[in-house]
Amino acid sequence: MLGLNYTSVSEFILIGFSTFPQHLLPVFFLLFLLMYLFTLLGNLLIMATVWSERSLHTPMYLFLCALSTSEVLYTFAIIPRMLADLLSTDRSISFRACASQMLFSFTPGFTHSFLLTVMGYDRYVAICHPLRYNVLMSPQGCACLVAWSWAGGLFIGLLVTSAVFHLPFCGLNEVHHFLCHVPPLLKLACGNNVPGVALGVGVVCITALLGCFLLILLSYAFIVAAILRIPSAEGRHKAFSTCASHLIVVIVHYSFACVIYLKPKGLYSEEGNTLMAITYTVLTPFLSPIIFSLRNKELKIGIKKTFLSKLYPSSI
């Protein structure tokens with residue numbers, strides 16, 4: 001399916017961290033391991049709390065649960081392999097494993113963007129059309145939105161992975177990254193189709209991300225207009241507080257994406273590019289559960305009620 005017969009390359013070598021001093025790699029390993037474990041723990045805690053607390057069985061928290069699921073799968077596709085490479089001298093990855101990593105990172109990655117868009121729409125309906133909220137955000141409707149988000153992520157993941165790995169690779173196999181990412185792999189491909197594939201993949205990815213971002217901006221334009229019409233300051237604060245955590249995550253997500261994808265070519269050294277890539281593979285997933293947990297009062301109460309009451313019964 002992925003064009004194994006068109007290439008003479010049977011494996012790639014991920015050299016993203018090979019340019020760093022060797023004494024720094026164990027430090028990176030420990031730091032990224034702790035961040036990864038915290039990311040897993042935070043997202044699993046959110047998922048378990050939402051499913052166990054009936055008071056949180058609302059569209060906003062079900063979307064948050066789906067978002068946590070996408071982050072767990074996204075980081076699982078990238079970080080364990082990266083951690084292993086930090087402590088290993090053999091950083092080779094097979095052709096099939098490289099294609100699989102791209103597929104299983106792109107799918108939840110784009111699903112994450114689609115779910116953030118859905119969550120923006122949910123906040124728009126809740127604030128701008130509160131009387132129709134239960135109709136527009138019915139359980140069946142929410143399930144369809146989540147399903148379509150995953151279907152869209154899977155479609156883009158399959159499309160991009162198939163396009164890249166159908167290209168012939170003509171012997172060079174050193175990938176200047178710590179994961180199987182599109183730009184460094186396209187540099188190793190050969191043939192007349194490479195520019196067309198690069199353009200097509202870029203158009204698909206940018207269109208999807210930019211489309212999601214514009215829809216989120218549109219949702220918040222209506223939300224801000226509706227909040228400004230609320231007469232009391234307390235009412236405006238309460239309405240905005242329901243959007244704060246989602247808005248912060250959107251700003252963090254797209255700010256790092258802009259730095260990574262819109263920076264001029266050659267601006268950073270190879271080491272700088274590797275460290276910049278850490279922001280969207282390690283740092284952004286690490287920050288998301290913190291933001292949602294600290295900024296959401298109901299979620300904090302749910303976590304305390306579900307878990308802390310079992311560990312420390314006298315504290316509740």
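Thr279 is buried, because its relative accessible area is 11% and buried means under 20% (exposed is over 50% and partly exposed lies in between, with a 1.4 Å probe and protein chains only). This residue belongs to helix 9, residues 270-295; helices here are DSSP runs of H or I with at least four residues, strands are runs of E with at least two, and both are numbered from the N terminus. The side chain of Thr279 reaches the backbone oxygen of Met276 at 2.5 Å. That is a polar contact, meaning a pair of N or O atoms within 3.5 Å; within protein, one must be able to donate a hydrogen and the other to accept it, and residues adjacent in sequence count only if both atoms are side-chain atoms.

A word on the source: this is a predicted model, in which local features need pLDDT of at least 70 and side-chain atom pairs count only at pLDDT 80 or more, while totals for chains, interfaces and linings use all residues. Residues are numbered from 1 along each chain as its sequence is written, and side-chain values use heavy atoms, with hydrogens and water left out.

**Salt bridges**

Side chains of opposite charge can pair when their charged atoms come close. A salt bridge is a side-chain nitrogen of Lys or Arg within 4 Å of a carboxyl oxygen of Asp or Glu. Searching the whole structure turns up two salt bridges, listed here.

| Pair | Distance, N to O |
|---|---|
| Arg81 and Asp85 | 3.2 Å |
| Arg123 and Asp122 | 2.9 Å |

Arg81 and Asp85 sit four residues apart in helix 2 (residues 59-86), about one turn of the helix. Arg81 counts as partly exposed because its relative accessibility is 24%, whereas Asp85, with a relative accessible area of 5%, is buried. In the other pair, Arg123 and Asp122 are both buried.

Leu87 lies in the loop between helix 2 and strand 2. Its relative accessible area is 53%, so Leu87 is exposed. Leaving aside residues up to four places away in sequence, Leu87 touches Pro26 and Phe29, where contact means heavy atoms within 4.5 Å. Leu87 and Phe29 are 58 residues apart in sequence, yet 7.4 Å apart in space, C-alpha to C-alpha.

Three strands make an open sheet with mixed pairing, in the order 2-1-3. Strand 2 (92-94) and strand 3 (174-175) are the edge strands, each pairing on one side only; two strands pair if DSSP finds at least two bridges between them. Helix 3 (residues 95-128) packs on this sheet and touches strand 1 and strand 2, with its direction at about 85° to that of strand 2. Such axes are lines fitted to C-alpha atoms, for helices over the stretch in contact, and angles run from 0 to 180 degrees between N-to-C directions. Strand 1 (residues 11-14) and strand 3 run parallel and are joined by two bridges. Ile13 stands opposite Glu174 in strand 3.

**Aromatic rings**

The structure holds 16 aromatic pairs. Rings of Phe, Tyr and Trp (its six-membered ring) pair if their centres lie within 6.5 Å; planes under 30 degrees apart count as stacked, over 60 as edge-to-face and the rest as tilted. Phe17 and Phe32 form a tilted pair, 6.4 Å centre to centre with 50° between the planes. Phe17 is in the loop between strand 1 and helix 1 (25-52), and Phe32 is in helix 1, 15 residues apart. Phe17 and Phe32 are both buried. Ring pairs also link Phe17, Phe20, Phe28, Phe32 and Phe178 into a cluster.
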